[in-house]
Amino acid sequence: MLLALANCDETLTSSVAPEPRPAVPAPAPNAYVPPSAASQDLARFYQRIERDLLTRGLLRTDGGGPDTPYDASDLERNFETIAFYSEYPDHAVTTTAYTTEGQLSRWSGPVRVQVEFGPTVSPETRKKDAAEVEAFTARLAKLTDHPISVVNRKANFHVFFAGKDDSAYVVSRLKQLVPGISQPSLDLIANPRSNIDCFVFASPTKAAPYRFVRAVTLIRAELPDLTRRSCIHEEIAQGLGLSNDSPKARPSIFNDDDEFALLTSHDEKLLTMLYDPRLQPGVTVQDARPVVRIIARELMGQPL
């Protein structure tokens, strides 16, 4: 199981790979409950962070431009780092991380996305967030040429928007959705540190360890608008298989420098590469390298 977290250099894995099971029915919509004073304080904290980043010229939404050139070699290098490697901290979820070489992991079957909200998310915000997820999901389906859609039932990719006051609800739902979820993961969800905006679980089965069958994303309800959109873009894309970050990736949201808030032209190509039929789940980075080089040059219009 992969756990990727935004705005911190941490990921978490568990050796427990859940077996396929019957779909959990969609829960009844939660009645709105106003957030507590502590939740409102946290929202103001995130607003200050977003304002500071914007003042520094970060959280760009332009997708890259003349100041961020890249070529096929850059695309090839960044895809290898982001799609074939993941960062895993120790079981205590510390700030120390290390990289491990892996094999390509992605979805083989349809991705059915369902949005769920904690009680403290207002009705107006629920509508806006649901519309953003639906639009981004349609964009991902077009980029990957893979069946990705928003559903109301029988989902296998759950996107939670939940606040500080909603932890009991989210923990209860995750125990339903991810049997065998580790206690450190539940502890992180129940009381996430303030530097963690959002994260995603993506899990395969024991029989097919490189083919995702279930994913869960959690996005803090206290986040301001642009940071929420950034979490939607990064966590759902990571849940499709782009599980790492790279300081060399530019223009990209798969970089911890916060320069870009939303999916860039570079990132769109990474997703197209990830679901190219010439690459299959489980392929090693060594075996994939010649094919990745060809795909990158095709996408950039450069000679082979």
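**Helix packing and aromatic pairs**

Author: Helix 7 and helix 8 cross in a right-handed sense. The model is a predicted one.

Reader: What angle do helix 7 and helix 8 pack at, and how far apart are their axes?

Author: The angle is about 135 degrees, and the axes are 11 Å apart. Helix 7 covers residues 265–274.

Reader: How is that orientation of helix 7 and helix 8 classed?

Author: Angles over 145 degrees would count as roughly antiparallel, and 65 to 115 as roughly perpendicular. Helix 7 and helix 8 are therefore oblique to each other.

Reader: Which residues meet there, in helix 7 and in helix 8?

Author: From helix 7, K269, T272 and M273. They meet V292, I295, A296, L299 and M300 of helix 8.

Reader: Now helix 2 and helix 8. How do their axes run?

Author: Helix 2 spans residues 72–84 and helix 8 spans residues 285–300. Their axes come within 9 Å and cross at roughly 135 degrees. That angle makes helix 2 oblique to helix 8.

Reader: Is the crossing of helix 2 and helix 8 left-handed or right-handed?

Author: Right-handed.

Reader: And what makes the contact?

Author: On the helix 2 side, A72, S73, L75, E76, F79, E80 and F84. On the helix 8 side, the residues include V285, A288, R289, V292 and R293, and also A296, R297, L299 and M300.

Reader: Changing topic. How many aromatic pairs are there?

Author: The count comes to seven. One of the aromatic pairs is F160 with Y169, which is edge-to-face. Their ring centres are 6.4 Å apart, with 70 degrees between the planes.

Reader: Are F160 and Y169 buried or exposed?

Author: F160 is buried, and Y169 is buried too.

Reader: Which residues form an aromatic cluster?

Author: W107, F157 and F212 form one.

Reader: Back to the whole chain. How many helices and strands?

Author: Eight helices and 11 strands.

Reader: Last one. Among contacts between residues at least 6 apart in sequence, what share joins residues at least 24 apart?

Author: The share is 73%.

Note on methods: Residues are numbered from 1 along each chain as its sequence is written. This is a predicted model: local features need pLDDT of at least 70, side-chain atom pairs count only at pLDDT 80 or more; totals for chains, interfaces and linings use all residues. Side-chain values use heavy atoms; hydrogens and water are left out. Helices (H or I, at least four residues) and strands (E, at least two) are DSSP runs, numbered from the N terminus. Contact means heavy atoms within 4.5 Å. Rings of Phe, Tyr and Trp (its six-membered ring) pair if their centres lie within 6.5 Å; planes under 30 degrees apart count as stacked, over 60 as edge-to-face and the rest as tilted. Buried means under 20% relative accessible area, exposed over 50%, partly exposed in between (1.4 Å probe, protein chains only). Axes are lines fitted to C-alpha atoms, for helices over the stretch in contact, and angles run from 0 to 180 degrees between N-to-C directions. Angles under 35 degrees count as roughly parallel, over 145 as roughly antiparallel, 65 to 115 as roughly perpendicular and the rest as oblique. A crossing is left-handed if the near helix is turned anticlockwise from the far one by less than a right angle, and right-handed if clockwise.
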